[in-house]
Amino acid sequence: MSSIVRKSLKEIMREKIRSGEWKPGDLIPSERELGEQYGISRMTARQAITELVNEGLFYREQGKGTFVSRHKITQQLINLTGFTEDMKARGQRPDSRVISAQMIPADEALAERLHIKVDQMIFRLQRLRLADEEPLAIEISNLSFMGCERLLTEDLEKNSLYRLLEEKYGLPLMEAEQELEAGLMSSEESQLLKVSVGSAGLFMRRTTYTERDLPIEYAKSIYCGNKYVFFTHMKREQLMP
Ligand code: 16G
């Protein structure tokens with residue numbers, strides 16, 4: 001019971017950040033205030049806050065409270081593209097090596113991201129992605145849709161996952177939310193990407209939706225920090241007079 005309440009408080013708080021109601025640097029309400037407002041225990045509120053601290057959305061300051069992070073930038077992008085399309089647009093040749101492809105039961109975190117029940121079977125694909133024959137990224141895509149086990153029979157080294165979903169499975173990809181974070185690679189990750197241990201990586205997490213509120217994919221990728229440049233075209237909104 002309390003894990004469900006905690007989960008929805010987390011979602012409520014995430015939404016407040018997403019919508020801009022809580023801005024970077026804002027002090028969030030105390031555990032007691034959140035507990036009273038949502039009719040849950042202080043402990044439950046504390047746990048939800050801690051989880052968002054661990055995810056980097058909040059940070060705590062001793063004696064002052066919990067604040068919305070400034071340093072984790074969630075950048076809105078214009079076009080939703082996959083690796084194959086990205087590389088082609090950069091004039092590079094995309095390639096994939098499948099590390100693993102299997103059906104697994106969703107754990108709590110994945111179930112929350114994909115809006116499904118814990119233990120529901122999902123398709124997990126781990127690939128090494130190459131650009132002009134050089135390893136560029138490691139990607140773990142978790143997919144959930146009716147009949148997703150059919151992906152086990154696909155050649156995911158030769159085919160673009162996004163193209164298969166759209167053209168063969170009739171699942172148009174509408175939008176995605178993505179987070180970007182800098183970090184250091186583990187030894188296993190740096191080995192796969194052929195860089196020295198502890199190299200900088202660009203860690204990305206993406207939830208892709210077929211229709212609003214219907215997530216189909218939750219993917220985690222690590223790009224070599226020295227090889228990838230992230231480009232966005234921004235426009236300044238007209239300020240109110
Ligand atoms: C990108 C996506 C990933 C998607 C893949 C499909 C990010 C962070 N991730 O790597 O979610 O599964 O493209 O690529 O951008 P494909 O169509 O080439 O298989």
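**View 1. Surroundings of F123 in the predicted model.** Leaving aside neighbours within four places in sequence, F123 is in contact (heavy atoms within 4.5 Å) with A101, Q102, M103, S141, N142, L143, C148, L151, L152 and L156. This is a predicted model, in which local features need pLDDT of at least 70 and side-chain atom pairs count only at pLDDT 80 or more, while totals for chains, interfaces and linings use all residues. Residues are numbered from 1 along each chain as its sequence is written, and side-chain values use heavy atoms, with hydrogens and water left out.

**View 2. The nonpolar cores.** The largest nonpolar core has 15 residues, of which F123, L143, F145, L151, L161, L165 and I216 touch the most other members. Two or more residues of this core come from each of β4 and α6, and α6 gives the largest share, 4 residues. Another core, of 13 residues, lies apart from it and includes W22, I40, A45 and A48. A nonpolar core is a set of buried Ala, Val, Leu, Ile, Met, Phe, Trp, Tyr and Cys residues joined through side-chain atoms within 4.5 Å; buried means under 20% relative accessible area, exposed over 50% and partly exposed in between (1.4 Å probe, protein chains only). Helices (H or I, at least four residues) and strands (E, at least two) are DSSP runs numbered from the N terminus.

**View 3. The shell around the ligand.** The ligand is surrounded by 17 residues (a heavy atom within 4 Å), and the closest are T84, E139, S160, L161 and E217. At least two shell residues are supplied by each of α4 (83-89), β4 (121-131), β5 (134-143), α6 (161-168), β7 (200-211) and β8 (214-224). The largest share, 4 residues, comes from β8.

View 4. For the side chain of E139 the distance is 2.4 Å, and for the side chain of S141 it is 3.3 Å. A polar backbone atom of L161 is 2.7 Å from a ligand oxygen atom. The protein covers 99% of the 450 Å² of accessible area that the ligand has on its own (Shrake-Rupley method, 1.4 Å probe).

**View 5. E112 in helix α5.** E112 is placed in helix α5, residues 108-114. E112 counts as buried because its relative accessibility is 16%. From C-alpha to C-alpha, E112 and S8 are 9.7 Å apart in space, although 104 residues separate them in sequence.

Note on methods
A polar contact is a pair of N or O atoms within 3.5 Å; within protein, one must be able to donate a hydrogen and the other to accept it, and residues adjacent in sequence count only if both atoms are side-chain atoms.
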